[in-house]
Amino acid sequence: MWLERIELTNYRNYKELSTDFSAKLNIFIGQNAQGKTNVIEAIYFLALTRSHRTRFDKELINFDEKSFTISGLVHRTSGKLPLDITLTDKGRVCKLNHLKQNKLSDYIGKMTVVLFAPEDLQLIKGSPNLRRKFMDIDLGQIKPLYLSDLSNYNHVLKQRNSYLKSTDKVDTVFLSVLDDQLADYGSRVIQHRLDFVDQLTIEADKNHYAISNQLEHISLAYQSSIKFTDLSTLKDNFVKQLESNHQRDIFKRNTSIGPHRDDLTFAINGISADFCSQGQHRSLILSLKMAEIELFKQQTGDYPILLLDDVMSELDNKRQMKLLEGIKENVQTFITTTSLDHLKGLPEDLKIFHVENGTIKTD
Ligand code: ATP
Ligand code: MG
């Protein structure tokens, strides 16, 4: 799939922007703080209705204004699709084909993106929260059902935690009713994530094996806080373990187990990636990103749009070349950089955009 055009009104430092993209490689060049990441962020927002940099949507509205709009026209195998998002102080309105969508799961997934930014270098050694977010963002785009299971899970989790905080006399019968709902949605979330991790591992290992000159295999493992041996017993085990944690949860006034506490681990040749060298680490992340692209294609029928924010400078020449070689002909790619000198192995067929103080000029 590819994004033909984007229009921004009062988004960050863009008062008005309307620009057409190449279906292949697009490069945003400019000095620091001119608005390169802001465009990448706007494309990401249009796909996911959230920013990768902040939880506070208000920050995205131009300082002097009260609302912003992002509009785009995306080409998919099934045809062209206009997308629009407007944020005002009353909230956000997302439209597909000019029609307002009430459910997030109806909107997300129509335009898919894979982002590779310097923050991703924290994915392996950073907090578990980042790895859960990584799975949630990808699964949310690949499987609309995942978003509803996850949002139902989060809803019950919030209810359970509020109940635990609201009273000193917890009714364990009522708590068990919540346990059952939590385990129902939670085991679905875990099942989706297990499938995702299995499939991602196959693709990521292929890439890493090639990048490491056939020296290293990688493996990913989903680490659930729920103990189970067989998927058919997952929900029952979930319920039992919630129950055996009642006293602890009542004391701590929160929910100690469930997919909100799960994690993902990585290993290289069987050894935890926590111990890997910087070079191995970068190859692993690169393999993972390229695997995401392939997985999106397998699962949705369309390649995602690839957003590379400032990452080329994080990769040495060899890994830059691997990345650019790995990007298939039909993966529309956006790269930000302060200078073309940083980039090695660029194809001929590219479109350059000069970014300066919230304006964009093409060559
Ligand atoms: P770098 O090369 O350092 O990554 P960049 O070109 O990616 O720079 P951006 O992060 O896209 O920079 O843009 C930063 C600029 O956007 C800053 O000048 C900042 O003041 C401005 N900016 C951020 N939020 C807003 C906003 N809500 N309204 C107006 N301007 C904003
Ligand atoms: Mg930037």
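A pocket is an open set of points on a 1 Å grid over the protein atoms alone, with protein on both sides within 12 Å along at least five of seven lines. The largest pocket holds about 1,100 Å³ of space, a volume being the space filled by probe spheres set on the points, with grid points joined across faces, edges and corners. This is a predicted model: local features need pLDDT of at least 70, side-chain atom pairs count only at pLDDT 80 or more, and totals for chains, interfaces and linings use all residues. Residues are numbered from 1 along each chain as its sequence is written, chains are lettered from A and ligands numbered from 1 in the order in which they are written, and side-chain values use heavy atoms, with hydrogens and water left out.

**Domains and their interface**

- The chain divides into domain 1 (1-112 + 302-363) and domain 2 (122-301); the bounds come from an automatic or database domain assignment.
- The C-alpha centres of domain 1 and domain 2 lie 28 Å apart.
- Domain 1 brings 24 residues to the contact and domain 2 brings 20 residues, where contact means heavy atoms within 4.5 Å.
- The size of an interface is often given as the accessible area lost when the parts come together.
- Here domain 1 and domain 2 bury about 2,000 Å² between them, 64% of it on carbon and sulfur atoms. Buried area is the accessible area (1.4 Å probe) that two parts lose on being put together, summed over both.
- On the domain 1 side, D302, Y303 and R319 lose the most area to domain 2, together 27% of what that side buries.

**Salt bridges**

- The structure has 22 salt bridges, each a side-chain nitrogen of Lys or Arg within 4 Å of a carboxyl oxygen of Asp or Glu.
- The rule finds 1 salt bridge across the interface of domain 1 and domain 2.
- R282 pairs with E314 in a salt bridge, with the closest N and O atoms 3.1 Å apart.
- R53 and E41 also form a salt bridge (3.1 Å, N to O). R53 lies in the loop between α1 (36-48) and β4 (68-76) and E41 in helix α1, so the pair ties together parts that are 12 residues apart in sequence.
- Helices (H or I, at least four residues) and strands (E, at least two) are DSSP runs, numbered from the N terminus.

**The largest pocket**

- Domain 1 and domain 2 both give residues to the lining, so the largest pocket lies between them.
- The lining has 40 residues; R50, K133, F134, D136 and I137 are the closest to the pocket centre. Lining residues have an atom within 4 Å of a point.
- Elements that each supply at least two lining residues are α1, α2 (104-107), β8 (113-116), α3, α4 (144-166) and α8 (278-300).
- Helix α3 gives the largest share, 10 residues.
- By class, this lining has 17 nonpolar, 10 polar and 13 charged residues. Ala, Val, Leu, Ile, Met, Phe, Trp, Tyr, Cys and Pro count as nonpolar, Asp, Glu, Lys and Arg as charged, and the others, Gly among them, as polar.

**The second largest pocket**

- Its volume is about 210 Å³.
- Its lining includes K24, L25, L324, I327 and K328.
- That lining divides into 5 nonpolar, 2 polar and 4 charged residues.

**The cavity**

- The count is 1 cavity of 30 Å³ or more, a cavity being a set of points where a 1.4 Å probe fits but cannot get out.
- The largest cavity holds about 30 Å³ of space.
- L139, I142, K143, H192, D195, F196, Q199 and Q299 line the largest cavity.
- Helices α3 (128-142) and α5 (172-211) each supply at least two of the lining residues; α5 gives the most, with 4 residues.
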